[in-house]
Amino acid sequence: MNGTKQRVIKDAKLFINGEYTDSFSGETFDTIDPSTNQKLASVAKANEEDARHAIEVAQKTFESGIWSEMPVAERSNILCKMADLVLERVEELALIETLDVGKPIKESRGFDIPRAAANLRFFAEMANYIHHEHYDQAKYMSYSKYAPAGVTSLIIPWNLPFMQMTWKASAALAAGNTVVVKPASYTPLSAVMLGEIANDAGLPPGVLNILTGPGGTVGTEMTRHPSVRRISFVGDSTTGRTVMQNAASQLIPVSLELGGKSANIVFEDADIDEAVAGSIDAIFRNQGEICLAGSRLLVQESIYDLFIERFVKAVRKIKVGNPLSEETDMGALVSKSHLETVDQYVQHGLSEGAKLAIGGKKIVSHGEGNFYEPTVLYDVDNKMKVAQEEIFGPVLVVIPFKTEDEAVRIANDSIYGLAGVVWTNDLRRAHRVASRVHSGLLWINCWYYRDLRTPFGGAKASGIGREGGRHSFEFYTEAKTITLKL
């Protein structure tokens, strides 16, 4: 595996106008393997000048019409070729993703990279079937066109970098836009590789541009440049507010997918084995570094003790360790600083009166990596900091409830509204609770399944706007009504 690692991991450069290039300043930064805290590669460090250059390239390319005016079927074919190339390189991409993020290789290979290919193919094919409205009335005929919006800025988080990048970029590109992408500085390597794949698939130069660098400089320019006509951002709610403020100065439409503290509600009539297995996945997949995580577990009092007992028993079977091992269920957290933040939340929760069922400390037996025990805090009050703030790690808080009304009240007692889960065998209750919980997504007796045709986004502090299916095309295009007097 070490030989494979040496062959795959290369220093990363900016990808602008179809070419890999150094930043104007020549500066670089290191990206780190979270499982060892050793350097993986040097990465070009872009600044405002690089961002302006990439946006100008994207604007000129858009105006040229080489992509925006290309027949939809031809655009679709190129994006489908990109999907094919992603699948051909799934082993290489999965290895890079695992090394850069710290997640288990079986997740990268089995889900993230195949899903990235599916993103590209889905939006490529859907672009052929976008509905155009047409109305006749008296002496007039009106019809609509959905034109590409223009230069699109995409700012991608570090937890699912390649999958998130393709989720955003494939829709924007399929709609005919040119794109500038900034992956997170913690995890830039897989995103940069999409440039090479784009070239091999025949994507015209300047259509896709990838910048690696700090959000404070590169991201700021990408969210306030007057040539940018759409911004899609995934990240924490605080940064989302800054993005929105920057965009407001140029009246740029934004799509924001922000934080979450989703309630995972287990009623007494649920299938306990199914609920335990699903709830384990909902908090410990990807080390809990998922905005959709079911991080608040609400359990009805009549099964509270039994459920915690079975849940803790299942947690003991989770294998934490080397992300490259096929046996590993949970890898390393993305950075030392994030590891410290997660631990601080746990210690604060204990000081507030939460009880520790399992976990609660860093793992030092795996060397210098950022490993943390899967952790369960129970008898938590929803007013506690650990129940209100997004920890974004392998930490579950368990809260008891008596009635359906109380469960809904607790679930909605949060600034966030991204997702939720309900476990019950009562069909009426399932639909009733699903409609009452304030969230953009809600699963019943499952978690994390996504149909790409459906709207995706959050309520309250979890975001603004919806993407997915036609909702993506509505965001990444300008609707134009044309009326003709007959």
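In the predicted model, strand 13 (residues 296-300) and strand 16 (residues 395-401) run parallel to each other and are joined by five bridges. Within this pair, Leu297 lies opposite Val398 of strand 16. Helix 11 (residues 304-315) packs on the sheet and touches strand 12 (263-266), strand 13, strand 14, strand 15 (375-378) and strand 16. The direction of helix 11 makes about 165 degrees with that of strand 16. Helix 14 (residues 404-412) also packs on the sheet, where it touches strand 12, strand 13 and strand 16; its direction makes about 145 degrees with that of strand 16.

The sheet to which these strands belong is open and consists of seven strands in the order 14-15-16-13-12-18-19, with mixed pairing. Strand 12 and strand 18 are parallel and are connected by four bridges, with Val266 placed opposite Trp423 of strand 18. Strand 18 in turn pairs with strand 19 in the parallel sense over two bridges, and Val422 faces Ile444 of strand 19 across this pairing. In a regular strand, side chains alternate between the two faces of the sheet. Along strand 18 (residues 420-423), Gly420 and Val422 point one way, whereas Val421 and Trp423 point the other way. All four of these residues are buried.

The largest nonpolar core comprises 109 residues. Those with the most contacts inside this core are Val266, Phe284, Leu292, Phe307 and Phe311. Helix 6 (residues 161-174) gives the most to the core, contributing nine residues. A second, separate core contains 28 residues, among them Val346, Val380, Ile399 and Ile410. Val266, listed above for its contacts in the largest core, illustrates the surroundings of such a residue. When neighbours within four places in sequence are set aside, Val266 is in contact with Ala275, Ser279, Leu297, Leu298, Val299, Gln300, Ile303, Phe307, Phe401 and Trp423. This list includes Trp423, the residue that stands opposite Val266 in strand 18, and Phe307, itself named among the core residues with the most contacts.

According to the UniProt annotation of an unreviewed entry, "active site" covers Glu257. Glu257 lies in strand 11 (residues 254-257). The relative accessible area of Glu257 is 3%, which is under the 20% limit, and the residue is therefore classed as buried. Apart from neighbours within four places in sequence, the contacts of Glu257 are Gln164, Lys168, Phe233, Val234, Gly235, Cys291, Phe456 and Ser462. Ser76, located in helix 3 (residues 72-88), is likewise buried, with a relative accessible area of 6%. The side chain of Ser76 makes a polar contact of 3.2 Å with the side chain of Asn128. With neighbours within four places in sequence left aside, Ser76 is in contact with Ala124, Glu125 and Asn128.

An open sheet of three strands has the order 5-6-22 and antiparallel pairing. Strand 5 (134-137) and strand 22 (477-485) form the edges; each has a single partner strand, so one side of each remains without a neighbour in the sheet. Neighbouring strands of this sheet are turned by 20 degrees against each other on average, direction ignored. Four bridges link strand 5 to strand 6 (residues 140-148) in the antiparallel sense, and Asp136 is positioned opposite Met141 of strand 6.

An antiparallel pairing is also found between strand 3 and strand 4 (residues 38-44), which are joined by six bridges. These two strands form a hairpin with four residues between them. In the turn, Asn37 has a positive phi of about 60 degrees. Ile32 stands opposite Lys39 of strand 4. The side chains of strand 3 (residues 28-33) alternate in direction and in burial.

Methods: Residues are numbered from 1 along each chain as its sequence is written. This is a predicted model: local features need pLDDT of at least 70, side-chain atom pairs count only at pLDDT 80 or more; totals for chains, interfaces and linings use all residues. Side-chain values use heavy atoms; hydrogens and water are left out. A nonpolar core is a set of buried Ala, Val, Leu, Ile, Met, Phe, Trp, Tyr and Cys residues joined through side-chain atoms within 4.5 Å. Buried means under 20% relative accessible area, exposed over 50%, partly exposed in between (1.4 Å probe, protein chains only). Contact means heavy atoms within 4.5 Å. A polar contact is a pair of N or O atoms within 3.5 Å; within protein, one must be able to donate a hydrogen and the other to accept it, and residues adjacent in sequence count only if both atoms are side-chain atoms. Two strands pair if DSSP finds at least two bridges between them. Axes are lines fitted to C-alpha atoms, for helices over the stretch in contact, and angles run from 0 to 180 degrees between N-to-C directions. UniProt positions are given in the numbering used here, feature names are shortened, and annotations may be inferred rather than shown by experiment.
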